[in-house]
Amino acid sequence: MYCTEVSHRGTPEWRWQTYFFILKSGVGEARRLIWCLHPNDEFGVGEVPLTRLHSVQALDTPEGEACLIIDAEAADEVVALTLRAPHAQLREDWIVSLRTMIAGR
């Protein structure tokens with residue numbers, strides 16, 4: 001999966017960054033979406049507790065790329081994570097998994 005990131009040098013620029021996403025089960029705050037640079041990394045570069053996820057939806061880019069948008073609460077605002085999957089079936093698998101975990105809070 002790939003995630004968008006904004007460059008903070010001068011004018012904002014969108015560019016895709018490659019991350020490995022892990023959906024962690026558990027109880028309460030242990031249930032999280034974590035992303036890291038390598039699947040063997042001990043620590044992620046980012047994470048969000050599933051209790052802070054608001055919605056997950058599919059989106060195809062004008063170029064036909066299979067993306068998903070995750071709306072999450074961060075501090076006092078809602079932010080959107082945009083993830084790009086290599087193909088539509090993987091995107092659908094992630095959407096089902098995320099929605100299942102969100103519903104099971």
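Student: How many aromatic pairs does a search of the whole structure find?

Tutor: The search of the whole structure finds three aromatic pairs. Rings of Phe, Tyr and Trp (its six-membered ring) pair if their centres lie within 6.5 Å; planes under 30 degrees apart count as stacked, over 60 as edge-to-face and the rest as tilted. The model is predicted, so local features need pLDDT of at least 70 and side-chain atom pairs pLDDT 80 or more, while totals for chains, interfaces and linings use all residues. Residues are numbered from 1 along each chain as its sequence is written, and side-chain values use heavy atoms, leaving out hydrogens and water.

Y19 and F21 have ring centres 6.5 Å apart and planes at 85 degrees, so this pair is edge-to-face. F21 also forms an edge-to-face pair with W94, at 6.5 Å centre to centre and 80 degrees between the planes. Because F21 belongs to strand β3 (residues 20–24) and W94 to helix α1 (residues 88–103), this pair ties together parts 73 residues apart in sequence; helices (H or I, at least four residues) and strands (E, at least two) are DSSP runs, numbered from the N terminus. Both F21 and W94 are buried, as is Y19, where buried means under 20% relative accessible area, exposed over 50% and partly exposed in between (1.4 Å probe, protein chains only). Ring pairs link Y19, F21 and W94 with W35 into a cluster.

W35 has G46 in β5 as its bridge partner.

How values were computed
Two strands pair if DSSP finds at least two bridges between them.
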